[in-house]
Amino acid sequence: MTSISPETQSVPTNDLGSLVVQSWRGTTPEGDVPYLLACSLGDGAGGPEGTSKAIEQLLLSAGLPLGEGLVHAAQRPSLPVSLLVVPGSAVLTVQHLKSQFVPPETWLEAVGQLGYAYLIFTTRPWPQGAEPGDVETLAAFTSDEDAMASAAHVVLPARSLRS
């Protein structure tokens, strides 16, 4: 579920389209890493191109550079991006945009161990006709150099209701 708060919005909400947040755990030489992919379905008022521009505007206005390396949110406490993790679910917030999702248990375990997730928020829409959550499409999408170059990459501390 995605919601928009009534605060002043930098991007018209009908331009953003439907937001998809997908979570998975990846294994790296350093151990398990919890990943998040956020993107639009490209169904905003201006179609896929207009949606991409609206997401780009949202990310840049949040202080997130696109394709320019990794942002460590813990080093930038005023960054309007956060991740709240509670048993069984999580909420990603980027400025006025909030998206609640239900991650797999393995993702929750990895976040619990590391205390953060690696967020990829791309301006490129999810491929048309592909179901969000399809593992093969997700792997291809996150391996696409153009999609990753059009994304903000953020190491995002996971907050809980206790923190």
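Mentor: Start with the core: the largest nonpolar core has 32 residues, and Leu64, Leu83, Trp107, Leu119 and Phe121 touch the most other members. Helix α2 (residues 47–61) gives the largest share of this core, 4 residues. Apart from it there is another core, of 13 residues, including Val33, Cys39, Leu138 and Ala147. This is a predicted model, where local features need pLDDT of at least 70 and side-chain atom pairs count only at pLDDT 80 or more, while totals for chains, interfaces and linings use all residues. Residues are numbered from 1 along each chain as its sequence is written, and side-chain values use heavy atoms, with hydrogens and water left out.

Trainee: What makes a set of residues a nonpolar core?
Mentor: The members are buried Ala, Val, Leu, Ile, Met, Phe, Trp, Tyr and Cys residues, joined through side-chain atoms within 4.5 Å. In soluble globular proteins, nonpolar side chains tend to be buried together.

Trainee: Which residues is Leu119 in contact with, leaving aside its neighbours within four places in sequence?
Mentor: They are Leu36, Ala38, Val81, Leu92, Ala152, His153, Val154 and Leu156. Contact means heavy atoms within 4.5 Å.

Trainee: Why does Tyr35 count as buried?
Mentor: Buried means under 20% relative accessible area, exposed is over 50%, and partly exposed is in between (1.4 Å probe, protein chains only). Tyr35 has 17% relative accessibility, so Tyr35 counts as buried.

Trainee: Why is the pair of Trp126 and Phe141 called tilted?
Mentor: Rings of Phe, Tyr and Trp (its six-membered ring) pair if their centres lie within 6.5 Å; planes under 30 degrees apart count as stacked, over 60 as edge-to-face and the rest as tilted. Here the centres are 5.3 Å apart and the planes are at 55°, so the pair is tilted. Trp126 is in the loop between β8 and α4 (135–143), and Phe141 is in helix α4, 15 residues apart. Both Trp126 and Phe141 are buried.

Trainee: How many aromatic pairs does that rule give?
Mentor: The count is 4. One of them, Trp24 with Tyr35, is stacked, at 5.3 Å centre to centre and 15° between the planes. Trp24, Tyr35 and Tyr118 form one aromatic cluster.

Trainee: What makes β3 largely enclosed by the rest of the structure?
Mentor: Of its 10 residues, 8 are buried, so β3 is largely enclosed. Helices (H or I, at least four residues) and strands (E, at least two) are DSSP runs, numbered from the N terminus.

Trainee: How do you know that β2 and β3 pair?
Mentor: Two strands pair if DSSP finds at least two bridges between them. β2 and β3 have 10 bridges, in the antiparallel sense, and a hairpin joins them through 2 residues. Gly26 has Val33 as its bridge partner in β3. β3 is also joined to β8 by 4 bridges, and these two strands run parallel.

Trainee: Where is confidence lowest and where is it highest?
Mentor: pLDDT is the predictor's confidence in each residue, from 0 to 100. Its mean is 39 in strand β1 (residues 2–4), the lowest, and 97 in strand β8 (residues 116–122), the highest. Over the protein chain the mean is 89, with 91% of residues at 70 or more. Across residues 1–9 pLDDT stays under 50. Where pLDDT is low, the predicted coordinates should not be read in detail.
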